[in-house]
Amino acid sequence: MVRSSRSAANPGLWRREKGTVVRRAAAMPARAQDAFVITAGLHVPAVPTEWAPHSHVLHELVWVRGGTLTSRVADRVFTVCEGHGLWLPAGVVHAGRATAGARFHDAFFAPDRTPFASEEPRAIAMTPLLEALLTHLSRTDLDTAARARAESVVFDVLRPSQHQFALQLPGDPRIDTIAESLLDDPADGRSLEDWAACLGLSDRTVTRAFRRATGLSFAQWRQVLRVHRALTLLSEGFDVTTVSETLGYAQPSTFIAAFRRVMGTTGAFFDSADPMDPTDPADPTGLTGAGESAEDRTDAA
């Protein structure tokens with residue numbers, strides 16, 4: 001039996017899991033108001049937790065262990081999984097949702113003393129060294145000199161991830177219904193033609209609207225959306241077969257090929273080697289599209 005994450009809908013994020021607690025942003029840590037440049041902390045929500053839209057006067061870096069964090073920033077949805085963090089510049093309004101039991105870390109940075117320059121949300125490579133340094137800075141017994149040394153090294157190793165994994169929402173009233181419906185149910189298998197007929201639009205209008213708004217064809221966009229959702233399901237312990245069924249794939253091999261195409265690898269996301277690995281020896285990245293539907297292979301012009 002596949003567990004359902006469906007309850008009340010929340011536009012722009014996945015449907016809320018049953019038992020989700022909705023919170024306002026926590027008060028800024030007291031230490032973040034003093035002379036510290038970086039203030040780090042850790043939270044472990046016992047139940048699925050959602051934070052209402054909010055912003056901070058400080059830059060924020062969030063990352064997770066043993067789960068995922070989904071964040072909505074304007075017209076983009078970011079999924080934060082292990083090995084990556086999300087940089088949120090001061091003043092940027094964002095909402096978030098963490099899976100139950102995820103070790104949710106955050107660090108706040110004083111804007112006027114932070115040399116790392118990014119005015120946009122960015123995925124950050126959470127290397128073991130960076131995590132260790134930020135964990136060290138969460139201590140309350142560091143003297144000023146020790147803290148300054150650690151903070152300087154943080155800025156030496158803080159780097160954007162090579163993979164900026166964000167789902168661009170259309171923001172086009174003609175096709176927003178499609179986006180919200182697929183966020184609500186990623187397994188929805190209606191084709192571009194089905195959606196066009198449902199909305200009273202031409203196939204070409206829907207195709208052009210997706211390309212203009214997201215830079216992707218409808219099939220590509222849906223594939224990226226499903227991989228976003230897959231990251232959360234995999235982090236919750238679901239096996240590959242269950243995840244592929246939940247997301248509407250006919251075969252696990254189809255899902256594996258799609259996942260590799262979007263992420264570039266299955267890497268540590270799957271617990272074990274893929275028993276039905278569709279990678280073509282001549283195409284080690286899996287980009288040939290083995291196991292895909294005809295629509296997923298066709299990039300409509």
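Here is a short walk through the helices, a turn and the aromatic rings of this structure. The model is predicted, so local features need pLDDT of at least 70 and side-chain atom pairs count only at pLDDT 80 or more, while totals for chains, interfaces and linings use all residues. Residues are numbered from 1 along each chain as its sequence is written, and side-chain values use heavy atoms, with hydrogens and water left out.

Leu-130, Glu-131, Leu-133, Leu-134 and Leu-137 are buried here (buried means under 20% relative accessible area, exposed over 50%, partly exposed in between, with a 1.4 Å probe and protein chains only). These residues cover an arc of only 165° around the axis, which puts them on the same side of H1; the arc is that of the directions from the helix axis to the C-beta atoms. They pack against strands E2 (38-43), E4 (59-65), E9 (103-109) and E10 (122-125), and against helix H2 (144-157), where contact means heavy atoms within 4.5 Å.

Now for a backbone detail. Most residues other than glycine have a negative phi. Ala-74 has a positive phi, near 55°, and sits in the loop between strand E5 (69-73) and strand E6 (76-80). Ala-74 is exposed, with a relative accessible area of 56%.

Finally, the rings. Rings of Phe, Tyr and Trp (its six-membered ring) pair if their centres lie within 6.5 Å; planes under 30 degrees apart count as stacked, over 60 as edge-to-face and the rest as tilted. The count comes to eight aromatic pairs. Tyr-249 and Phe-255 form a tilted one, 5.7 Å centre to centre with 50° between the planes. Phe-255 also pairs edge-to-face with Phe-259, at 5.9 Å and 70°. Both Phe-255 and Phe-259 lie in helix H8 (residues 252-263), four residues apart, about one turn of the helix, and both are buried. Elsewhere, ring pairs link Trp-87, Phe-109, Phe-116 and Phe-155 into a cluster.

Note on methods:
Helices (H or I, at least four residues) and strands (E, at least two) are DSSP runs, numbered from the N terminus.
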